Amino acid sequence: MNEKQLRENAIKRYENGESPKAIYQSFGKSEAWFFKWLKRYQHDGENWAESKSREPHHTPNKINKTMEQAVIDTRKTLEKELYAQIGAFNISWQLNQQGITPPPIPTINKILKRNNLVRKGVKYQPKGVTYPAPEVHTSNDLHQFDIIGPRYLKTDGRFYSANIIDAHDRRCSVNPMRRKNRIDIIAALVRCWQTLGLPVYLQMDNMLPTRGSNRYPHSFGLVIRLCLKLGIQPVFIPVQEPWRNAIIEHFQNVFDKKFFRVQYFKNFNHLLKQAKGFETFHNRNYRYSTLGAKTPVEKCSNNVRLLSENFTLPEKLIITPGLVHAIRFIRSNLILDVFGEKLAVPRDVEYEYVWATIDKTQEKLFVKHDVTTFAEFKYPLPATSIDMSKNEL
């Protein structure tokens, strides 16, 4: 006997004079069940025993088909536009520009998901060890720097791009270059600081052109010397942990997918010109959830200190007073590796991150964990300079 027949049988027995309690107990049902169906029998006509949908008659937060289609159409339009963001924040902003009040961001994401318009990525999962990242409160507190490449132009060979992004407001500087050497890298950094401003920290990985020399770790290369001359503190992330530069790593993915792989470049000069257009478009139009849906230009603190457009490198570049930092993870061998030089540290910091700071003035290396300096080492620095006029690069 199905549910419909059960209900009909119960009402027949009631009409034949049987008590409600005896009826619903014989079916293993509740008192509420019996009187619900008795009420339906008395008021709902011949189809009273049919089950009704439990869907609410009115769902105030349900998106109508017209709005859902507007979200889908906006997403598909953005996908066709060069460089454009295609996420929920930009869709919301675009709908507002059209005079349409958009649904909440979570609702837009649900619409994208159920229409198979979401691209899933793998998120980094923290391992539970405290990481001593530089603090960022305003524009130019921290620039993250990385080089993408090599990439290849169909008719004009290989190139790289030295890209920099501000960790606070996401303003970027895009600098394609032919070679991955110190000359091109410092040219990219100078241009960046003339447009974005001088940062407190420049954070980067441990590639040789930014460090200097494996044979002479105390000598410092041109990039570090330039930073110190301009009062910038270089910060080197842990070896083989590129996710510590997560903001620039994400931007490199954007550079690839939204710029390099979506258009044809006739030659390197054409690439250079288009790269500046992409940089401008990104800074004026990209909207990030971490910025409260603002663009980088809108988020910028407007207290930037630009490097002079007339800046030129001195003929001799010495190591000037300043601080150079390296963040390192200490493994079971209890060795702190700073640019290839290995130093023993206490067991207290085993499997922890430490912050190593080279102080040019004191010529010492200070090692800190949390807020406590627990070790220091002598760190003599050479008085020699790099002679730019002789191209000692």
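Strand β8 (residues 335-338) and strand β9 (residues 341-344) run antiparallel and are joined by 4 bridges. The structure described here is a predicted model. Within this pairing, I335 has A344 of β9 as its bridge partner. The hairpin leaves 2 residues between the strands, and F339 adopts a positive phi near 55° there.

## The nine-stranded sheet

An open sheet of 9 strands is arranged in the order β3-β2-β1-β4-β5-β7-β10-β11-β12, and its pairing is mixed. The edges are formed by β3 (172-177) and β12 (372-378); each has a single partner strand, so one side of each lacks a neighbour in the sheet. On average, neighbouring strands of this sheet are turned by 25° against each other, direction ignored.

Within the sheet, strand β1 (residues 142-153) and strand β4 (residues 201-204) run parallel and are joined by 3 bridges. In this pair, H143 stands opposite L202 of β4.

## Helices packed on the sheet

Helix α9 (residues 222-229) packs on the sheet and touches β4, β5 (233-236) and β7 (323-329). The direction of α9 makes about 140° with that of β5.

Helix α11 (residues 268-285) also packs on the sheet, where its contacts are with β1, β2 (157-166) and β3. The direction of α11 makes about 170° with that of β3, and β3 is one of the edge strands.

In helix α5 (residues 88-97), the buried residues are A88, N90, I91, S92 and L95. Among the elements that cover them are α4 (65-79) and α6 (105-114). Just after α5, G99 takes a positive phi of about 80°.

The axes of α4 and α5 come within 10 Å and cross at roughly 110°, which means that α4 is roughly perpendicular to α5. On the α4 side, the contact is made by A70, V71, T74, R75 and L78, and these residues meet N90, I91, Q94 and L95 of α5. By class, this contact comprises 5 nonpolar, 3 polar and 1 charged residues. N90, I91 and L95 of α5 take part in the contact with α4 and are also listed among the buried residues of α5.

Notes. Residues numbered from 1 in each chain as written. Predicted model: local features only at pLDDT ≥ 70, side-chain atom pairs only at ≥ 80, totals over all residues. Heavy atoms only, no water. Pairing = 2+ DSSP bridges. Axes fitted to C-alpha atoms, helices over the stretch in contact; angles between N-to-C directions. Contact = heavy atoms within 4.5 Å. Buried < 20%, exposed > 50% of the residue type's maximum accessible area, 1.4 Å probe, protein only. Parallel < 35°, antiparallel > 145°, perpendicular 65-115°, else oblique. Nonpolar A, V, L, I, M, F, W, Y, C, P; charged D, E, K, R; others polar.
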